[in-house]
Amino acid sequence: MDALSLLVLTSQQHPEDAALHKRVRQKTMELFYHLPYKYHLIPEDQCAAFLLYCEPSIERYIAMFQPRTNYGYYIMCIIRRRIPSFLQKQNEEEERRLSVLFVSSPQIPYQGQDEELRGGALYRRDELPVVFQTLLSQGPTTAQGHDPAIQTLLESLHHDTCRRGLLLSCAMDPSYALEHHTPLISKLLGCEETLLTDFLASLDQLLFAKRQDYNAHLERIGFRFYQIHRYRREIWENTKSEFRKKVQARYRFNLSTWRKNLEALKKRKNICISRSQLGKILGVTTGSIHHSVITWKHAMRDALDVPTPMDYLE
């Protein structure tokens, strides 16, 4: 009988020895972690998960050990018996995670049947410059802000450059403005909310093709991710060398393609209208857009980034 088996039997005979029991438990956990990978039962990155899967029963396994066999062989028999249920649980969780990647993408707002719900009509591209000038000319808001910082911001919007900067900032990312801030923006600008909503929805319509391309790219990444996990599982479930080589080649190809698609996605810009594109649509120079947006950002920062008085220091 080896030293580890004698150590386990001694621990059973002296249950009051906490240090000895802790040492036996540590050795048992090491066996549950290293043996499955050593004998090619599961991939190395799943060993920690398998240990956590078996950890609640470790005390019972130590107490059930009998001196008829070696302790390492005894633990190996338990591992082989528990591996199938662990893999089944892992596969179920993996399928549940991967299923999220193939859920149909949300419907694009302000298109088709949504037009009736919105209660307005989308403008043609050649009409957008006129609508833009109409929004600017409707006059600044006369509302009073209760907060001094908000009042300062409202006063800054009396300047044409700041008003233009706020409207252009919303126009570059129209879907975000439509989803969150249309009532607030219309109050700040003192313009009609329906006219502003129609203007932003018309610009959002121009991003339809870019959004479709982006979603298609995400689906390709999701498909490759699914294939990677599928082939990785097949590699460990099959022992035939010829079959393994074929599956490993497919696994490496999908992994390489997935990484390339992911890098391409990182380099893509946000789904919004660039300043140069917005200038061509609205008939405004790119330099004017840049100056207006920067002026608006500085005015907003000066109005809202006011340090709070530290009364507790007085």
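Modeller: Helices here are DSSP runs of H or I with at least four residues, numbered from the N terminus. R82 lies in one of them, helix α5 (residues 71–99). This is a predicted model, where local features need pLDDT of at least 70, side-chain atom pairs count only at pLDDT 80 or more, and totals for chains, interfaces and linings use all residues. Residues are numbered from 1 along each chain as its sequence is written, and side-chain values use heavy atoms, without hydrogens and water.

R82 is buried, that is, under 20% relative accessible area with a 1.4 Å probe and protein chains only; over 50% is exposed, and in between is partly exposed. R82 has no salt bridge, meaning a side-chain nitrogen of Lys or Arg within 4 Å of a carboxyl oxygen of Asp or Glu. The nearest side chain of opposite charge, E55, is 9.5 Å away; Arg counts as positive and Glu as negative.

The R82 side chain does make a polar contact with the side chain of Y61, at 3.0 Å. Such a contact is a pair of N or O atoms within 3.5 Å, and within protein one must be able to donate a hydrogen and the other to accept it. Beyond four places in sequence, R82 is in contact (heavy atoms within 4.5 Å) with F50, Y53, C54, S57 and Y61.

Now the rings. F32, F50, Y53, Y61 and F86 are linked by ring pairs into a cluster. Rings of Phe, Tyr and Trp (its six-membered ring) pair with centres within 6.5 Å; planes under 30 degrees apart are stacked, over 60 edge-to-face, the rest tilted. Y53 is partly exposed at 21% relative accessibility. F86 is buried at 1%.

Technical notes
Helices (H or I, at least four residues) and strands (E, at least two) are DSSP runs, numbered from the N terminus.
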